[in-house]
Amino acid sequence: MKAVNVVFGREIADDERKLIGFVSEQIISCKVNDNTVCLSLDDDADEEEICSNLKQLVIEKSTSYSPDVFSSNEVARTFCSIESLEQSNIVKRYEDGSVVMNELGVRLYSYFDELCANIVEEYNPVHKKYPTILPISVLNKTNYLATSPQYIHLCSTFNETISEYQQAQELYNGNGLSKIMKKPEHVLSPSACFHLYHDLRNQTLPSSGVYTMRQNVFRNEGRFNWSDLSRLRDYNVREIVFIGNHDYVLEIRTKIMEATTSLFKKLGMTFTIISTSDPFIMPEMQRYKNIQRKQKVKYELQLNNSESHKTACASFNLHGVAFSSKFKFHVEGSEVTESGCVGFGLERIVIAFLNQYGTDQDNWPQLIRDKFK
């Protein structure tokens, strides 16, 4: 093992820290100290290539950016630690990147899903339910393979041959399963709205509208990020999609952000809704971070897990014509059809709530205690 320190001319941002593990499989561990990334590498690692790729991820001259704070709420409190939360068994680690909830955790999960779904009930949303797996051909159509391949979980099956089935256990023990596996034709869906766009392909919609679904989604958050209980590879979102002209899509997103602000203030939670960008890993995508920030196409609801740590528990996104043009759906009478989506991470909200209020129900807000009687 060899140690390498890479020094930058600025402090490494939190979103960049989470992506370092994706630079190379030969990174054994990493630590960030202000403007320095300390790497432990395999002995045979290509140090020059790894440092070069890291420097494409952490751009030396980052464009100055002042995020727009849409709303915030600060409440003085003592936070419940992840260790205390796991000891309560309300939510506990199942394995790296996944959690299990007991009955009380499930009730919180369902309660928050209901609250988030109710945000758009006044718009008479169309309710949908989609499968977990998504054809990889559909994913490719969204350009996700080019922009965010690091998150993808591929699905495959064995060749339909008995003689090869009989080898499966032996090949697994010898790390050779790929020899009898088919080319992947599906992925575990990384985004709920992709199913909807595929469902609406080539359609003329009679009017602008809102759609909603609760969807199981999957993202590989990276091997160095699993210590954070809220960074999950397998989680559920309450997804809200809105389709119409530009003014309609912008208006619906703003109203949902306002309703979200009211909801989490009513719950007495510490949060910020702030403009941000997607965590692109591909070097050629880095410039889009600044484009997204300047155009404010993405906001996040960030809930505090501690005094200093926040987790993005919802995102509010404008897509422009990115998906309507790819999947060829449009609203009748609208010259240009755009889309937007909001996704509430349900497990993340439950965990942040418990971090803020603790595991003793007597300390929870009265409206939740009344609901759980």
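1. Strands β12 (residues 209-218) and β13 pair in the antiparallel sense, over ten bridges. Two strands count as paired if DSSP finds at least two bridges between them. Strands here are DSSP runs (E, at least two residues), and helices are runs of H or I of at least four residues, all numbered from the N terminus. Across this pair, Y211 stands opposite V241 in β13.

2. This is a predicted model: local features need pLDDT of at least 70, side-chain atom pairs count only at pLDDT 80 or more, and totals for chains, interfaces and linings use all residues. Residues are numbered from 1 along each chain as its sequence is written, and side-chain values use heavy atoms, with hydrogens and water left out.

3. β13 also pairs with strand β18 (residues 338-345). Eight bridges join the two, which run antiparallel. E239 stands opposite G343 in β18. The bridge partner of I243 in β18 is S339.

4. β13 spans residues 234-244 and is mostly covered. Ten of its eleven residues are buried (under 20% relative accessible area; exposed is over 50%, partly exposed in between; 1.4 Å probe, protein chains only).

5. Now the whole sheet. It is open, with eight strands in the order β4-β14-β15-β16-β18-β13-β12-β7, and the pairing is mixed. β4 (69-73) and β7 (126-127) stand at the edges, each with a single partner strand, so one side of each is left without a neighbour in the sheet.

6. E47 is partly exposed, with a relative accessible area of 37%.
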